[in-house]
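The sequence and structure are shown first.

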Amino acid sequence: MVYDYEYFIKEVLKLTQIDLNAYKQNQMKRRIDALIAKRKIAGYHDYIERMKSDRDLYDEFLDYITINVSEFYRNPEQWGYLSRQVFPSLIEKFGDNLKIWSAACSTGDEPYSLVMALSEFLPLHKIHITATDINEVVMEKAKIGLYSEKSIVSVPEKMKKEYFTKNGNFYQISDKIKNCVTFKEQNLLKDPYPSGYHLIVCSNYDDTNVCYLSTTSTHCSKCLVTRCVKECDMSSVWQLNII
């Protein structure tokens, strides 16, 4: 029996709940073929069978196909707008018990940035961010909270001094910031959305990721805001060009 890519797509869906049909086939197939060649695995059938019993191989696959491009205070001008306009307006309207969701949070740069930015307005014990991602591996990295100098280059100096400790060539984020974030696994294209949020931020779900999606799923990604309003029971929406 010839185990082709279509077979592999079906088996991956069963194993991971990720539908590779949502991605442009040529780009994703090239990435997976390169990974199979790197691991010197015979083909799709052997690869899927080994992933069922080898957690490290499974985690590597998941990390490889979910594109993770993230950094603290990514697109600083948009964070400035959040601080000048969005946060004050939300606090004025809803008080200090804001519900904020960081969707597709990757390695935690975004939700931790939200905590630091909000700390200018609220005490840390009042800040609670829900952070979700499909990839458990990157969320484990987020929970550890160890980052390269490049990742924190846009963090304001005041925040760096207060909330980061140098650890060799890396920077460890403070537990005071980490304790404000709850991480949960979620597939944005499949799972139901949580409700009652005042602000949803998903800067990692942008053109960097959309370029790998099929036409159908790209359309779905553009419907995320509409779906958020319906399923998250949001009374108002702030739509930013980048965040």
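How many salt bridges does the count come to? In this predicted model, the count comes to 11 salt bridges. Side chains of opposite charge can pair when their charged atoms come close.

| Salt bridge | N to O distance | Location |
|---|---|---|
| Lys52 and Glu11 | 3.8 Å | helix H3 (residues 44-53) and helix H1 (residues 5-16) |
| Arg39 and Glu60 | 2.4 Å | loop between helix H2 (25-38) and H3, and helix H4 (residues 55-65) |
| Glu157 and Lys160 | 3.4 Å | both in helix H8 (residues 157-163) |

The salt bridge of Lys52 with Glu11 has an N to O distance of 3.8 Å. This pair links distant parts of the chain, as Lys52 belongs to helix H3 and Glu11 to helix H1, 41 residues apart. Is Glu11 buried or exposed? Glu11 counts as buried because its relative accessibility is 12%, under the 20% limit for that class. Lys52, by contrast, is partly exposed, with a relative accessible area of 45%. Both residues also belong to a network of salt bridges that links Glu11, Lys14, Glu49 and Lys52.

Arg39 and Glu60 meet through their side chains at 2.4 Å, N to O. Here too distant parts of the chain are linked: Arg39 lies in the loop between H2 and H3, whereas Glu60 lies in helix H4, 21 residues apart. At a relative accessibility of 36%, Arg39 counts as partly exposed.

Glu157 and Lys160 form a salt bridge whose closest N and O atoms are 3.4 Å apart. Glu157 is partly exposed, its relative accessible area being 49%.

**The sheet**

Strands of a sheet pair through backbone hydrogen bonds, either parallel or antiparallel. In what order do the three strands of the open sheet lie? The order is E3-E5-E4, with antiparallel pairing. Strand E3 (146-148) and strand E4 (164-167) are the edge strands, each pairing on one side only. From one strand to the next, the twist averages 35°.

E3 pairs with strand E5 (residues 170-173) in the antiparallel sense over three bridges. Within this part of the sheet, Leu146 stands opposite Gln172 in E5.

Methods:
Residues numbered from 1 in each chain as written. Predicted model: local features only at pLDDT ≥ 70, side-chain atom pairs only at ≥ 80, totals over all residues. Heavy atoms only, no water. Pairing = 2+ DSSP bridges. Helix = DSSP H or I, 4+ residues; strand = E, 2+ residues; numbered from the N terminus. Axes fitted to C-alpha atoms, helices over the stretch in contact; angles between N-to-C directions. Salt bridge = Lys/Arg side-chain N within 4 Å of Asp/Glu carboxyl O. Buried < 20%, exposed > 50% of the residue type's maximum accessible area, 1.4 Å probe, protein only.
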